Amino acid sequence: MGRRLLTYVCIDTSGSMRGEPIEAVNTGLQALLASLRQNPYALESVHLSIITFDSLIKEVLPLTPLEQVVLPEVVCPESGATFLGGALEYVAQAVSSNRQLTTSEKKGDWQPILIVLTDGKPTDLLVYSEAIPKVQACGFSNIVACAAGPKADASFLQRLTPIVVSLDTMDANAFAKFFQWVSAAVGSHSTSVGAVSSSDLPPPPPEINIVF
């Protein structure tokens with residue numbers, strides 16, 4: 001088995017995402033998958049995991065080779081908190097369990113990638129604060145966070161990563177553009193054979209605002 005690029009996608013499924021927003025996210029995930037599958041390097045290396053978070057943390061897509069991925073339909077409860085901290089704790093444990101490190105006999109996996117999408121702010125603030133250093137210690141080459149819609153608080157995401165973008169609208173087109181942009185980043189990472197890290201992201205489309 002070749003070197004893998006473990007890619008974790010954390011999606012907010014709290015009550016405020018119910019209805020059109022989560023339907024738009026599902027459309028965006030289809031765009032992500034379609035874009036990645038057009039990249040032969042990504043097909044060889046990307047393994048995808050999707051984790052949702054509301055009052056519960058669920059791995060709706062266990063870590064799966066890209067060519068074998070069958071996307072689940074991501075759904076939301078009628079109401080629910082935003083346990084982003086719990087989701088990050090889950091990711092940190094998953095990377096620790098899943099990532100194969102380089103040994104004297106073989107090269108390990110590439111540095112993993114994390115994508116986080118939320119339309120609010122974490123309600124488990126203490127857990128969130130404690131999870132940030134654990135995630136940052138995982139050696140991600142890129143952590144990309146998206147603050148979607150007018151109620152998203154980007155300042156919390158900036159504590160996690162310097163790469164924070166915002167979406168003014170939460171329609172299918174906006175989410176599709178976001179995930180296609182992310183797929184370009186993942187795809188460029190998967191082609192950077194021999195590179196230790198590939199943190200250069202392509203410029204985002206007009207629908208995506210970089211948060212400074």
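My notes follow in the order in which I looked things up.

I am working with a predicted model, in which local features need pLDDT of at least 70 and side-chain atom pairs count only at pLDDT 80 or more, while totals for chains, interfaces and linings use all residues. Residues are numbered from 1 along each chain as its sequence is written, and side-chain values use heavy atoms, with hydrogens and water left out.

**Overall fold.** I found six helices and seven strands, taking helices (H or I, at least four residues) and strands (E, at least two) as DSSP runs numbered from the N terminus. Their order along the sequence reads β-α-α-β-β-α-β-α-β-α-β-α-β. The radius of gyration is 16 Å, close to the 17 Å from the globule rule for 212 residues, so the protein is as compact as a globular protein of that length; the radius is taken over C-alpha atoms, and the rule is 2.2 Å times the number of residues to the power 0.38. I noted that 54% of the 212 residues count as buried, where buried means under 20% relative accessible area, exposed over 50% and partly exposed in between, with a 1.4 Å probe and protein chains only. Of the contacts (heavy atoms within 4.5 Å) between residues at least 6 apart in sequence, 75% join residues at least 24 apart.

**Cores.** I next looked up the nonpolar cores, each a set of buried Ala, Val, Leu, Ile, Met, Phe, Trp, Tyr and Cys residues joined through side-chain atoms within 4.5 Å. The largest has 40 residues, and Val25, Leu29 and Phe178 have the most contacts inside it. Among the elements that give two or more residues to this core are helix H1 (20-37), strand S4 (113-118) and helix H6 (172-191). Setting aside residues up to four places away in sequence, I listed the contacts of Phe178 as Ile115, Leu117, Val144, Cys146, Val165, Leu167 and Ile208. Another core, of 30 residues, lies apart from the largest one and includes Phe53, Leu88, Val91 and Leu160.

I placed Lys151 in the loop between S5 and H5, where its relative accessibility of 73% makes it exposed. Beyond its neighbours within four places in sequence, Lys151 contacts Asp119 and Gly120, and its C-alpha atom is 6.2 Å from that of Asp119, 32 residues away along the chain. Ser155 belongs to helix H5 (residues 154-160) and, at 38% relative accessibility, is partly exposed. I recorded a C-alpha to C-alpha distance of 8.9 Å between Ser155 and Lys121, which are 34 residues apart in sequence.
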